Amino acid sequence: MRTRAISIVLPSAVALSAICFPLAAQAAERTDATAKLRSFTAHSVRPETSLGNISFTHAVINDGKDIVLGTTTRKSVTVTYTATSSSGVALTEAFLWQGTDSSSTDTITGSLGTDDDPVCTESTTQTGVYACKAVFPINAASDLKNNGVAGTWKLFLGGYDLYANASYNDDVATTRIKKASTLTADAAPEPVKKGRTITVTGRLKRANWNNGTYAGYTGQPVLLQYRKKGSNTYTTLKKVTSGTGGALKATTLAKADGYYRFAFATNPTTGASTAAGDYVDVR
C-alpha cells in the first residue's frame with residue numbers, strides 16, 4: 001500500500017473557489033482514467049511536513065460483491081468510503097485500477113474512473129469526517145476492451161483539503177472484476193426407460209471483453225445436478241471437467257421423472273452460472 005501527501009500551503013485563508021487544483025482533481029473522464037490517475041500521483045511527493053493529511057477508511061466496493069460483467073454489460077458500481085482531515089476535505093477522486101505502481105502508466109494494466117467527482121458530506125457530529133460516495137458507470141464493451149484483465153482490482157482514493165494539500169492511497173480496498181459465464185444443458189434420450197443411461201451434454205463459455213464474444217471455457221470443474229419432479233431442490237450427481245471449446249458430457253442412470261442441469265461455481269476471474277434444467281420423462 002502506498003500513501004503519500006503533498007503540501008501546497010497557501011499564504012492566507014484563500015477562498016476555495018480561487019484554488020486551481022491539478023488536472024487529476026477535476027472530474028475524471030472514464031476514457032482517460034489511466035492518464036488522470038497518473039497525473040494525480042505525479043504531483044505527490046513526500047514533504048518534511050504536510051498539513052491536512054487526508055486518511056481514507058471504511059471503503060466498500062459494490063456492496064462487497066464481485067463485479068461480474070458480460071460482453072455488453074452496463075453497470076453502475078457504487079463505492080462508499082470515509083475521508084478524514086483536520087483541515088477539512090475540499091474534494092476527492094476515485095479510481096479502480098490494476099497493476100503494480102500507480103505512478104507510472106507503464107505499470108498500470110487497467111483503470112476505470114468516474115464521470116463526476118465523488119460526493120462527500122461532512123458529519124454533523126465529527127468535524128473533519130466526511131462520508132463519501134463515488135459511482136463508476138462501467139460499459140464492458142468499451143471500458144474493458146484492451147484495458148486490464150479479469151481478477152483483482154484496487155481502489156485508489158485521493159483528495160485535497162481546504163488548504164490545497166493533497167493526499168492519496170492507491171490500495172484502500174480491493175474488488176474482483178470477473179467475466180460472466182454461460183452454461184447449457186441437454187439431456188437425452190427423451191423419454192427414456194427406467195434404468196437406462198441418460199447422457200447430458202452442454203457447453204461452458206465466458207465473456208471475452210476484447211472481441212465482444214463468449215468463448216468456450218476449457219478445463220473447468222462443473223457439477224451435474226438433478227431435481228426430481230415435484231421437488232424444488234437440486235442435488236449433485238457428479239463432477240465433470242469442461243473439454244475443448246468448453247464442451248461438457250456426463251452420464252447417469254434414469255430413476256424418475258426430473259430435471260438435469262450443469263452448474264459452474266465462481267473462480268477468481270469468472271462469475272458463476274447455472275444452466276436451465278432439462279426435463280426427462282422416465283417410463
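A disulfide here is a pair of cysteine sulfur atoms within 2.5 Å. The sulfur atoms of Cys-120 and Cys-132 are 2.1 Å apart. The structure holds one disulfide. The pair links distant parts of the chain, 12 residues apart: Cys-120 sits in strand E7 (residues 119-122) and Cys-132 in strand E8. Strands (E, at least two residues) and helices (H or I, at least four) are DSSP runs, numbered from the N terminus.

This is a predicted model, in which local features need pLDDT of at least 70, side-chain atom pairs count only at pLDDT 80 or more, and totals for chains, interfaces and linings use all residues. Residues are numbered from 1 along each chain as its sequence is written, and side-chain values use heavy atoms, with hydrogens and water left out.

Now consider exposure. Buried means under 20% relative accessible area, exposed over 50%, and partly exposed in between (1.4 Å probe, protein chains only). At 26%, Cys-120 is partly exposed. Cys-132, at 3%, is buried.

Next come the cores. A nonpolar core is a set of buried Ala, Val, Leu, Ile, Met, Phe, Trp, Tyr and Cys residues joined through side-chain atoms within 4.5 Å. In soluble globular proteins, nonpolar side chains tend to be buried together. The largest core here has 29 residues. Those with the most contacts inside it are Ile-61, Leu-69, Phe-136, Leu-155, Ile-177 and Trp-209. At least two residues of this core come from each of strands E2 (55-61), E3 (67-69), E4 (74-84), E5 (91-99), E8 (129-139) and E9 (151-160). Strand E8 gives the largest share, five residues. Apart from this core lies another, of 21 residues, among them Ala-187, Val-240, Phe-264 and Ala-275.

Contact means heavy atoms within 4.5 Å. Beyond residues up to four places away in sequence, Leu-155 touches several others, including Ala-59, Ile-61, Val-79, Phe-95, Trp-97 and Val-172.

Charged pairs come next. Side chains of opposite charge can pair when their charged atoms come close. A salt bridge is a side-chain nitrogen of Lys or Arg within 4 Å of a carboxyl oxygen of Asp or Glu. By this rule the count is two. In one, Asp-66 pairs with Lys-178, with the closest N and O atoms 2.7 Å apart. The partners are 112 residues apart: Asp-66 is in the loop between E2 and E3, and Lys-178 is in strand E11 (residues 174-179). Asp-66 is partly exposed, at 33%. Lys-178 is buried, at 3%. Asp-281 also forms a salt bridge, with Arg-283, at 3.0 Å between the closest N and O atoms. Here Asp-281 is partly exposed, at 23%, and Arg-283 is exposed, at 66%.

Two loop residues complete the tour. Thr-270 lies between strand E19 (258-264) and strand E20 (273-274). Its relative accessible area is 0%, so Thr-270 is buried. Its side chain makes a polar contact with the side chain of Tyr-217 (3.3 Å). A polar contact is a pair of N or O atoms within 3.5 Å; within protein, one must be able to donate a hydrogen and the other to accept it, and residues adjacent in sequence count only if both atoms are side-chain atoms. Leaving aside neighbours within four places in sequence, Thr-270 also contacts Lys-178, among others. Gln-220 is in the loop between strand E15 (213-216) and strand E16 (221-228). Gln-220 is buried, at 15%.
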